[in-house]
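Open the model in your viewer and keep the sequence panel beside it. This tour tells you what to select at each stop and what is there.

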Amino acid sequence: MSVRYVVITGVSRGLGEALLNQFETDEDTTVLALGRGFTDAQRIAAGPRLILRHCELAEPSTLPHASELNELIADADEVVLIHNAAVVAPIGPIGDLEPDELANAVAVNLTAPMLLTNSLLAALPATARAVIMFVSSGAAHRIIDGWSAYSATKRGAEEFFAHLAEQYADEPRIRVEIVNPGVMDTGMQETIRSARFAGQQRFLDLFENNELPDPAAIAARLIEDHLHA
């Protein structure tokens with residue numbers, strides 16, 4: 001029997017919640033859910049196979065360090081780390097951005113994934129396989145009015161994980177996946193629709209026309225395409 005541990009950030013809603021749900025029926029998988037909040041259903045289901053670990057991704061001191069992760073995954077055959085949590089705010093012109101929101105975006109979207117990945121690889125048993133998945137965005141590769149913080153942090157994180165992939169290019173037991181799930185019906189889309197920026201109408205139209213995919217379908221596709229290889 002293969003023992004797998006899955007670590008996911010931002011599981012209280014949207015894609016993160018849908019990803020966690022995909023692993024619920026796998027009896028050989030233990031999920032470590034990291035975030036500042038959890039749903040009532042997740043709290044009820046918490047136990048040996050679903051560990052809810054409160055942390056503030058914007059505060060590095062609250063993230064699990066290598067020693068904590070090593071204690072959890074010491075018997076792992078495979079470890080999957082999914083960097084899902086992200087914030088799109090602040091949206092607006094540079095010069096008008098709220099400093100605390102800007103610092104929060106950098107911490108959640110860029111610093112936390114770097115620190116968690118570093119800690120997990122330090123904790124990884126020598127014989128275990130690992131898949132590191134970073135959920136990115138098309139915004140990492142194009143300019144969208146008002147989205148400088150989100151775009152820059154996503155692109156910066158992509159660079160970090162590209163370096164990681166190169167580092168393990170000759171070691172197949174470590175695999176890096178940078179994925180762009182596309183738009184979907186999440187709380188982030190609500191934030192986008194309530195902001196003001198050029199090009200916002202596209203997102204309003206997607207919502208009004210019921211063209212935003214269900215996160216559950218996106219989660220199933222990501223797992224099928226990137227975690228079953």
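Two strands pair if DSSP finds at least two bridges between them. Helices (H or I, at least four residues) and strands (E, at least two) are DSSP runs, numbered from the N terminus. This is a predicted model, where local features need pLDDT of at least 70, side-chain atom pairs count only at pLDDT 80 or more, and totals for chains, interfaces and linings use all residues. Residues are numbered from 1 along each chain as its sequence is written, and side-chain values use heavy atoms, with hydrogens and water left out.

**Stop 1: β5 and β6**

Select residues 129-135, strand β5. Six bridges join β5 to β6, and the two run parallel. Find M133; E177 in β6 stands opposite. Now find F134, whose bridge partner in β6 is I178. From β5 the chain passes through α5 to reach β6, a right-handed β-α-β crossover. Right-handed has a set sense here: with the strands pointing away from the viewer, the path from the first strand over the helix to the second runs clockwise.

**Stop 2: the whole sheet**

Zoom out. Six strands form an open sheet with parallel pairing, in the order β3-β2-β1-β4-β5-β6. The edges are β3 (50-54) and β6 (174-179), each pairing on one side only. From one strand to the next the twist averages 15°.

**Stop 3**

Select 29-35 for strand β2. Five bridges pair β2 with β3 in the parallel sense. V31 stands opposite L50 in β3.

**Stop 4: helix α5**

Select 148-167, helix α5. Does its length match or differ from what its 20 residues should span? At 1.5 Å a residue, they should span 28 Å, and the end C-alpha atoms are 29 Å apart, which agrees. The expected span is 1.5 Å times one less than the number of residues.

Which residues of α5 are buried? They are A149, Y150, S151, T153, K154, A157, E158, F161 and L164. Buried means under 20% relative accessible area, exposed over 50%, and partly exposed in between (1.4 Å probe, protein chains only). The buried residues of α5 pack against β4 (78-83), α4 (99-123), β5, β6 and α6 (187-194).

**Stop 5: aromatic rings**

Show the aromatic side chains. A search of the whole structure finds four aromatic pairs. W147 and Y150 form an edge-to-face pair, 5.8 Å centre to centre with 85° between the planes. Rings of Phe, Tyr and Trp (its six-membered ring) pair if their centres lie within 6.5 Å; planes under 30 degrees apart count as stacked, over 60 as edge-to-face and the rest as tilted. W147 counts as buried at 4% relative accessibility, and Y150 at 5%. Next, select F134, F160 and F161, which form one aromatic cluster.

**Stop 6: helix α8 and H226**

Select 215-226, helix α8. Helix α8 lies across β5 and β6, running at about 145° to β6. Axes are lines fitted to C-alpha atoms, for helices over the stretch in contact, and angles run from 0 to 180 degrees between N-to-C directions. Contact means heavy atoms within 4.5 Å.

Pick H226, which is in α8. Is H226 buried or exposed? H226 is buried, with a relative accessible area of 18%. Not counting residues up to four places away in sequence, H226 touches V131, M133, R175, E177 and V179.
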